[in-house]
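Please open the structure in your viewer and keep the selection tool at hand.

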Amino acid sequence: MNDRAGRRRARRMAIGTAVVLALAGMNGPWLYRFGSEKYHQYKIDKQEYKAENGRWEIVDFPEKYRQNTIHAALLHTGKVLLVAGSGNDQDNFDAKQYDTRVWDPVKGTVKKVPTPTDLFCTGHTQLANGNLLIAGGTKRYEKLKGDVTKAGGLMVVHNENPDEPITLPAGTRFTGKENGKTFVSKDPVLVPRAKKNFDEETGEFLGNTPGYGRTYVEAQKEGAKHQTGTQDNYTVQGLSGEDARNTYGIAEKLALDKKDFQGIDDAFEFDPVAEKYIKVDPMKEARWYPTLTTLSDGKILSVSGLDDIGQLVPGKNEIYDPETKKWTYTDKVRQFPTYPALFLMQNDKIFYSGANAGYGPDDVGRDPGIWDVETNKFTKVPGMSDADMLETANTVLLPPAQDEKYMVIGGGGVGESPKASEKTRIVDLKADSPRFEDGPSMDKGTRYPQASILPDDNVLISGGSEDYRGRGDSDILEARIYDTAKNELRRVADPLVGRNYHAGSILLPDGRLMFFGSDPLYGDKANTKPGEFEQRIEIYTPPYLYGENPQPELAGGPQTIEHGESGTFTSKDAASVKKVRLIRPSASTHVTDIDQRSVALDFETDGDKLTVTVPESRNVVQAGWYMLFAVTADGTPSKAQWVQVP
């Protein structure tokens with residue numbers, strides 16, 4: 001190379017270096033971010049990293065199949081039911097556009113399913129026959145104060161006639177005796193006849209107790225001048241004679257206040273094989289945000305929710321019989337906030353963790369405890385830390401279910417409170433005097449944490465937000481595995497998508513987990529832009545699927561095993577199996593997943609044969625379909641075999 005060529009090359013290199021340095025000066029953060037992102041991707045793609053922390057991936061859903069998924073349930077076909085209803089979208093509700101999808105996570109196919117009504121904020125649970133019971137949903141969207149143009153509220157209609165009930169149609173007008181203002185009912189109302197009362201000893205007639213019904217009413221005209229400030233008696237227009245004398249309304253303040261969501265009483269069974277909704281007998285009460293809990297006899301307890309006029313159902317609980325497809329009231333009244341976390345215990349009673357998803361007085365039904373549904377006795381369980389922050393907390397029955405230990409994770413203050421708890425709390429219900437003790441702490445106060453049981457007896461805890469509905473850009477892009485044996489939380493790979501309100505997670509039959517939903521109130525840190533519903537589905541592959549050993553094989557075997565009976569499966573890896581778990585498929589919404597539980601099975605091996613035995617207790621193993629996992633000593637699970645326990 002001659003001197004002139006060398007000088008030219010040196011000059012070009014100097015100019016190039018200067019340009020790079022100048023760009024670095026102007027775009028240093030970008031260059032750093034570009035480099036760090038590439039390194040981060042390189043790091044998380046390494047086999048050693050995945051074997052320690054797992055991996056997250058976003059599912060590529062065709063746009064025409066995306067929806068605002070509010071509810072998800074794993075079906076015994078291996079597919080996932082994704083329910084949006086109107087998807088917390090007033091425009092969809094007004095257009096009667098209600099959505100459901102059935103997604104096959106193995107084949108990657110998605111199918112639209114006709115949705116009969118607005119199943120937004122419904123309740124659901126798995127039935128013994130493999131159907132999913134779905135009950136409740138949305139009759140009317142809430143109206144915030146400022147959007148309400150007509151004064152309205154609850155009208156209690158009384159009937160003093162002991163011989164006949166009376167039905168008032170929608171559009172019935174009620175006029176106040178004192179205020180002279182007229183309000184119009186939005187729905188028909190059936191008012192039962194009055195009850196005759198007699199002295200039990202003498203038989204003397206003591207008078208009648210009026211029957212009563214409730215309906216939502218609105219002023220005839222818009223404006224603040226049509227509000228009322230105090231209770232008044234109302235005459236019912238259009239009645240005459242005895243009906244006019246016996247029937248009247250009583251209402252408290254009828255105002256332009258915020259109007260809550262209203263529920264429906266519709267109930268359906270979703271058939272996973274036919275992939276369609278089947279209408280069954282409606283509930284006795286309309287419910288929005290109810291909890292459905294399976295009892296030991298296979299019947300379903302339905303609790304709480306907002307009713308058809310937007311008020312909390314006043315402790316009137318009911319039971320669904322899958323044989324008759326009908327509902328009956330329980331004998332006693334007990335009130336809980338909406339979506340209470342209620343679990344069947346081994347002694348036939350119900351454990352209430354205190355966790356819930358929102359609506360209801362802050363001083364009624366919020367204490368955790370043990371509820372005897374038959375006698376209505378409720379025994380409080382003490383020791384709960386951050387007891388005023390159980391709204392939007394998650395509750396999980398720690399595996400194995402026979403140990404009857406529960407963990408309550410995170411949570412926040414009542415309503416739109418900014419308070420959030422970083423606590424986990426654990427209670428052993430088999431202890432002589434059950435009491436909550438603090439478990440390992442999370443780094444941040446966490447509302448809406450997702451929690452899923454893993455086949456290796458650990459629990460994945462992920463997502464949530466530090467503030468109400470992700471306010472202030474507070475989504476937590478962190479995940480942890482809770483080691484039940486060590487009572488420790490360990491950070492694993494960070495999720496790619498923030499998840500807060502209307503989010504959930506589900507264990508899939510291949511040992512992976514799917515995450516859905518999220519409905520932030522705002523879309524920016526300053527809380528100035530409306531949030532957008534998160535339609536992406538994300539899959540987390542746990543570390544146990546990246547280990548040195550492949551998943552153990554599990555095949556053959558019966559599709560049905562009775563309580564207390566055994567079944568034999570084939571596995572060339574039988575000798576390496578250290579535990580077998582029977583996991584009930586999830587039905588998840590609003591940080592509430594009552595169904596998931598992992599039951600330890602006794603087992604024996606003989607060559608390539610694995611014989612498992614199902615416990616006799618129907619309180620431990622509720623009738624229904626389960627995923628059967630065989631797990632090796634290093635925690636690697638097989639792919640699940642589906643087994644029905646009738």
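On a 1 Å grid over the protein atoms alone, a pocket is an open set of points with protein on both sides within 12 Å along at least five of seven lines, whereas a cavity is a set of points where a 1.4 Å probe fits but cannot get out; lining residues have an atom within 4 Å of a point. Grid points are joined across faces, edges and corners, and a volume is the space filled by probe spheres set on the points. The model is predicted: local features need pLDDT of at least 70 and side-chain atom pairs count only at pLDDT 80 or more, while totals for chains, interfaces and linings use all residues. Residues are numbered from 1 along each chain as its sequence is written, and side-chain values use heavy atoms, with hydrogens and water left out.

Select V189, L190, R214, K284 and D308. Of the 23 residues that line the second largest pocket, these are the closest to its centre. This pocket has a volume of about 680 Å³. Now colour strand β16 (211–219), which, like β13 (189–191), supplies at least two residues of the lining; β16 gives the most, with 5 residues. (Strands are DSSP runs of E of at least two residues, helices are runs of H or I of at least four, and both are numbered from the N terminus.)

Next, select E142, F261, Y468, R469 and L521, which lie nearest the centre of the largest pocket, among its 39 lining residues. The space here is about 1,000 Å³. The lining has 15 nonpolar, 10 polar and 14 charged residues; Ala, Val, Leu, Ile, Met, Phe, Trp, Tyr, Cys and Pro count as nonpolar, Asp, Glu, Lys and Arg as charged, and the others, Gly among them, as polar.

**Second stop: the cavities**

The whole structure holds 7 cavities of 30 Å³ or more. For the largest, of about 80 Å³, select lining residues including G123, H124, T125, Y339 and D595. Strand β6 (123–126) and strand β22 (291–294) each supply at least two lining residues, and the largest share, 3 residues, comes from β6.

The second largest cavity has about 70 Å³ of space. M442, D443 and K444 are among the residues that line it.

Select W103 and M514. Within the largest nonpolar core, of 45 residues, these two have the most contacts. Such a core is a set of buried Ala, Val, Leu, Ile, Met, Phe, Trp, Tyr and Cys residues joined through side-chain atoms within 4.5 Å. Apart from it lies another core of 36 residues, including L390, V612, V621 and Y626.

Show β30 to β33, an open antiparallel sheet of 4 strands in the order β30-β31-β32-β33. Why is one side of β30 and of β33 left without a neighbour in the sheet? These strands stand at the edges, and each has a single partner strand. Inside the sheet, β31 (405–409) and β32 (424–428) pair over 5 bridges; two strands pair if DSSP finds at least two bridges between them. Y406 stands opposite V427 in β32.

Finally, select N246 in helix α4 (241–246). Is N246 buried or exposed? N246 counts as buried because its relative accessibility is 14%: buried means under 20% relative accessible area, exposed over 50%, and partly exposed in between (1.4 Å probe, protein chains only). N246 touches H158, N159, E160 and N161, leaving aside residues up to four places away in sequence; contact means heavy atoms within 4.5 Å.
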